[in-house]
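Good morning, and thank you for joining this group meeting.

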Amino acid sequence: MTSSAALTIRHATIADEPVLQRLAALDSSRVPSGELLVAELDGQLVAALSVDTGAAIADPFEHTAAIVESLRTRAGRQSRPALRPAHLGRVLLGRA
């Protein structure tokens, strides 16, 4: 079964800290250090990636492998000037 969901990738802000802490706990990890990119699936934060270290955390109850790969791709473009948050529109994601 599949469903479509809106995926948004953006820079983390201080307001994301409580949600990042919860996400890290779900992932049995710590919030990565440095500049973070986060991915929201239908408005819910499901993954984060450190631009500085490449460390990632993700919701183990969501299909996030492709989302983390999208974060890695986006992080690779950080050297571009005037990088703005991207709304990636509707993506097709498999659901278990």
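The side chains of Arg10 and Asp16 meet in a salt bridge, with 2.8 Å from N to O. By salt bridge I mean a side-chain nitrogen of Lys or Arg within 4 Å of a carboxyl oxygen of Asp or Glu. Both Arg10 and Asp16 are buried, where buried stands for under 20% relative accessible area, exposed for over 50%, and partly exposed for anything in between, using a 1.4 Å probe and protein chains only.

Residues are numbered from 1 along each chain as its sequence is written, and side-chain values use heavy atoms, with hydrogens and water left out.

Which residue forms a salt bridge with Arg10 at 2.9 Å? The partner is Glu40, whose side chain meets that of Arg10 at 2.9 Å, N to O. This pair links distant parts of the chain: Glu40 lies in strand β2 (residues 36-41) and Arg10 in strand β1 (residues 2-11), 30 residues apart. Glu40 has a relative accessible area of 17% and therefore counts as buried. Arg10, at 18% relative accessibility, is also classed as buried. Through shared partners, the salt bridges join Arg10, Asp16 and Glu40 into one network. The total count of salt bridges by this rule is 2.

The chain has 2 helices and 5 strands, and along the sequence they follow the pattern β-α-β-β-β-α-β. Here helices (H or I, at least four residues) and strands (E, at least two) are DSSP runs, numbered from the N terminus. Of the 96 residues of the chain, 36% count as buried. Taking contacts between residues at least 6 apart in sequence, 62% join residues at least 24 apart; a contact means heavy atoms within 4.5 Å.

Why is β2 described as largely enclosed by the rest of the structure? The reason is that 6 of the 6 residues of β2 are buried. In general, the side chains of a regular strand alternate between the two faces of the sheet. In β2 both faces are covered: Leu36, Val38 and Glu40 on one side, and Leu37, Ala39 and Leu41 on the other, are all buried.

Strand β2 runs antiparallel to β3, and 6 bridges join the two; strands are taken to pair if DSSP finds at least two bridges between them. As a general point, most residues other than glycine have a negative phi. Asp42 is partly exposed, with a relative accessible area of 49%. Ser28 also has a positive phi of about 50 degrees without being a glycine. Ser28 is found in the loop between α1 (17-26) and β2, and its relative accessibility of 70% makes it exposed.

Now to the interior. A nonpolar core is a set of buried Ala, Val, Leu, Ile, Met, Phe, Trp, Tyr and Cys residues joined through side-chain atoms within 4.5 Å. The largest such core holds 14 residues, of which Leu7, Ala39, Leu41, Ala47, Ile67 and Leu71 touch the most other members. Strands β1, β2 and β3 and helix α2 (65-75) each supply at least two residues of this core, and α2 gives the most, with 4 residues. A second, separate core of 8 residues includes Leu23, Ala24, Ala48 and Ile57. Returning to Ala39, its contacts beyond four places in sequence include Leu7, Ile9, Ala47, Ile67 and Leu71.

Finally, a word on confidence. The mean pLDDT, the predictor's confidence in each residue from 0 to 100, is 83 for the chain, and 77% of its residues reach 70 or more. Over residues 79-84 the pLDDT is below 50, and this stretch has 5 contacts in the model beyond near neighbours in sequence. Residues 87-96 also have pLDDT below 50, with 34 such contacts. Where pLDDT is low, the predicted coordinates should not be read in detail.

Technical notes:
Predicted model: local features only at pLDDT ≥ 70, side-chain atom pairs only at ≥ 80, totals over all residues.
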